[in-house]
2 protein chains.
Amino acid sequence: MTVLTDLTAHAGPTTTPAAAGAPTPKAAPAPAPASSIHPMVDRSRLAGTDAQSSAAHRVYEHLVALWAPGVIEAAQDLGAFAALTSGPATAAELARTLDTDPRATRVLLDGLHAYDIVERAMTEDGEIRYTLPVELHDVFSPGGLYSLAGKINYDRSLAWNAWRDLAHNVRTGARDAEGGHQLNQISEEEYTSLVRGINFWAPPIVSALADALREQGWSTGDGAKVLDVGCGTGIYSQLLLREFPLLTARGLDVARITPIAIRQAKELGVADRFEPTVVDFFHDSWGGGDLALFVNIFHLQTAESARELMLKAAKEINEDGVIAIADHIVVEDTHGAPGVSDGADAAGTGSVQNRFFRLFAASMLATGGGDAYTVEEYDGWLADAGLRRIALIDTPMHRLLLAKRA
Amino acid sequence: MTVLTDLTAHAGPTTTPAAAGAPTPKAAPAPAPASSIHPMVDRSRLAGTDAQSSAAHRVYEHLVALWAPGVIEAAQDLGAFAALTSGPATAAELARTLDTDPRATRVLLDGLHAYDIVERAMTEDGEIRYTLPVELHDVFSPGGLYSLAGKINYDRSLAWNAWRDLAHNVRTGARDAEGGHQLNQISEEEYTSLVRGINFWAPPIVSALADALREQGWSTGDGAKVLDVGCGTGIYSQLLLREFPLLTARGLDVARITPIAIRQAKELGVADRFEPTVVDFFHDSWGGGDLALFVNIFHLQTAESARELMLKAAKEINEDGVIAIADHIVVEDTHGAPGVSDGADAAGTGSVQNRFFRLFAASMLATGGGDAYTVEEYDGWLADAGLRRIALIDTPMHRLLLAKRA
């Protein structure tokens, strides 16, 4: 079988090696990456405007961010994306297909265009025709592997009200009767819908993980077994199976989820190497393995249950086993630097990842869930379990932490 | 009195002169201006990711834009900004002041920091302290001249539900029983609250207007009178009175609004030159003037009532009078260019102004109102009224159209 050696010795360009206990390296100021969110204020025309009016323009731009999910989700509700997947259309044509008001349909389409969701061009006949780019067809289709349909359903049924009422949960702390964090409020049906709606995160995370494993000598994955703990659809281990053709995987989740994982393993052609297993992963055995993979599992825990889960992982993996955690892992860099903002880039708000992690924590406060923990907290749980962090890798909206026995 | 001459001959650097009937100049591809909205996806880590997953990351970033008003409005609901206006605080200190949960308060503050609303720094004691920058103090205070408090109240009571249910209005066209546009749904109380909540737009618009008027020979405004039609708080004419110390203004609005305008004229020290007048501006006389100013009035009209209002304005202004319209004036540049997207900059979505105007039209579809009309539509109404456009000037979130008699 493949033996995993210490990744620190083989750190590639995307890897931030860090010995356990060593201080976390200070993040270099990142160049401001391009946002998908285009500005709605022409700041070049604000020169000379008084500071309060200018600041109010900035805050207003944040407040009207509400419009983006409003426009996109309305189009999904109406079936506009499904219709545009059949082919481009004018507003009048789409209104006939959807049985909607023509003028209002034009306003909706122009709004989608303002968010870069549909293309807008004048035809030879002088009409405006709207096109849904091909890479977005499956994003709005419930059946698409990287579909957001489930995420949109979740937003419609839960997120809008939860976010509008966030103040309530800040007052109460969103604690349950026993004083623990409020459990995720979503119903089983909503969870089943949501679980595929966040598959899209997987490709760049699996790509980063596979690169790190190849640097450790993994070639085909022969003899190695992945434990995909709380696997959901199983997308992470299933994509890993496609990277390593002799690897096998066990997907651990509850009974209502494993059928989804089985279906998807077939769809991805890896069903013969993907074994779904219904377990309570805090109390049942995981059956041993070489790589224990936790994606978006730790942020759902309390600090206490996170520590407990790490102890369990240390017991379950083989002697040379690796633990891989893809999650919202905040890297503070204020330590020892009084008066310095953390992770400050030119915009002063820290890395893209820290920013997303902190807002995701607010999202969990709104809708129920856990927290975005810092790398120091992860290091503490690792140390308690006799493990040490060997790498921390940035991905588009997560960080990937790798650990081995200390 | 000041005589206004044709602005076309004196076009300054911010002016796009355009003779009536002449084709609108094609907008040059704009450099992408900085957005206040920081990215939440580290796109540098998406290289090599498949097109669908990459596209889904982009759409997800739009969907979670919901979080920005959620975080900011929750903080306003809880009184967090009022408390931070008194001075910086740690999460624990603020939780004591607001009687909120300490952990949840920390999550909220970190969320505000992610949106660049509060600063976050470590103190000498190793605690994280949060500061509301001084230019934001009045932005969240109900009494601030450029306060967004009214806009936030409006969002809380109306916008969230209206946006979540946008699909309904796309189906029905948001028509009233007579088939006209649905009137603005907000109550009188909400309107009174909102009217001051959009004062912040005024300074850069008035600055652009004053520059254009100075180029025409206005120095003190001696002998000239502004008609501020649908004046609201009167902020536009009141700031213009401060630019031109001998100018006088008449603010035309309904009875429930004029007391607000009178109070604010006193606050700005121009009450002796600002005369509020309760009129139905479609049917009553405006009393004549040299500059008829319409800010955010035309977008509330139907095409029919916009044309009617322009006819009325032409009758009311003096022979050499100017009409100034600050509004959402879309400049299409697809005309005569089949297959070319309109106003496309590098991002492919047109100018910042067009993008905002189209989304504001969607906002009016959600909450009731009119439309974002194109400059060709304005030119048509002008021509019908014996007027011609003499300038079109970009401002941060509007365009300023100036017209005279043809």
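A: Buried area is the accessible area, found with a 1.4 Å probe, that two parts lose on being put together, summed over both. The model discussed here is a predicted one. Between chain A and chain B the buried area is about 11500 Å², and carbon and sulfur atoms give 65% of that area. In terms of residues, 120 of chain A are in contact with 119 of chain B.

Six salt bridges are counted between chain A and chain B. In the salt bridge of A:Asp371 with B:Arg103, the closest N and O atoms are 2.9 Å apart. On the side of chain A that touches chain B, the most is given by helix H1 of chain A, residues 51-63, which supplies twelve residues.

The largest nonpolar core contains 214 residues, and A:Trp67 and B:Trp67 have the most contacts inside it. The surroundings of B:Trp67 show both chains at once. Apart from neighbours within four places in sequence, B:Trp67 is in contact with A:Trp163, A:Phe356, A:Leu359, A:Phe360 and A:Ser363 on chain A, and with B:Met40, B:Tyr60 and B:Tyr115 on chain B.

In chain A, three strands form an open antiparallel sheet in the order S2-S4-S3. Strand S2 (89-90) and strand S3 (119-122) of chain A each have a single partner strand, so one side of each is left without a neighbour in the sheet. S3(A) pairs with strand S4 of chain A, residues 128-131, over four bridges in the antiparallel sense. A:Ala121 has A:Arg129 of S4(A) as its bridge partner.

In chain B, three strands likewise form an open sheet with antiparallel pairing, ordered S2-S4-S3. The edge strands there are S2 (89-90) and S3 (119-122) of chain B, each pairing on one side only. Two bridges join S2(B) to the antiparallel strand S4 of chain B, residues 128-131, and B:Ala89 stands opposite B:Tyr130 in S4(B).

Chain A also contains strands that pair in the parallel sense. Strand S8 of chain A, residues 289-295, has seven of its seven residues buried, so this strand is largely enclosed by the rest of the structure. S8(A) pairs in the parallel sense with strand S5 of chain A, residues 225-229, over three bridges; here A:Asp228 has A:Leu293 of S8(A) as its bridge partner. S8(A) also pairs in the parallel sense with strand S9 of chain A, residues 317-327, over six bridges, and A:Phe294 stands opposite A:Ile325 in S9(A).

B:His398 is found in the loop between strand S10 (387-394) and strand S11 (399-405) of chain B. Because its relative accessibility is 1%, and buried means under 20%, B:His398 counts as buried. The side chains of B:His398 and B:Asn296 are joined by a polar contact of 3.0 Å. Residues up to four places away in sequence set aside, B:His398 touches several others, among them B:Trp201, B:Asp327, B:His328, B:Gln353 and B:Phe357.

Key
Residues numbered from 1 in each chain as written. Chains lettered and ligands numbered in written order. Predicted model: local features only at pLDDT ≥ 70, side-chain atom pairs only at ≥ 80, totals over all residues. Heavy atoms only, no water. Pairing = 2+ DSSP bridges. Core = buried A, V, L, I, M, F, W, Y, C linked by side-chain atoms within 4.5 Å. Buried < 20%, exposed > 50% of the residue type's maximum accessible area, 1.4 Å probe, protein only. Contact = heavy atoms within 4.5 Å. Salt bridge = Lys/Arg side-chain N within 4 Å of Asp/Glu carboxyl O. Polar contact = N/O pair within 3.5 Å; in protein donor to acceptor, adjacent residues only side chain to side chain.
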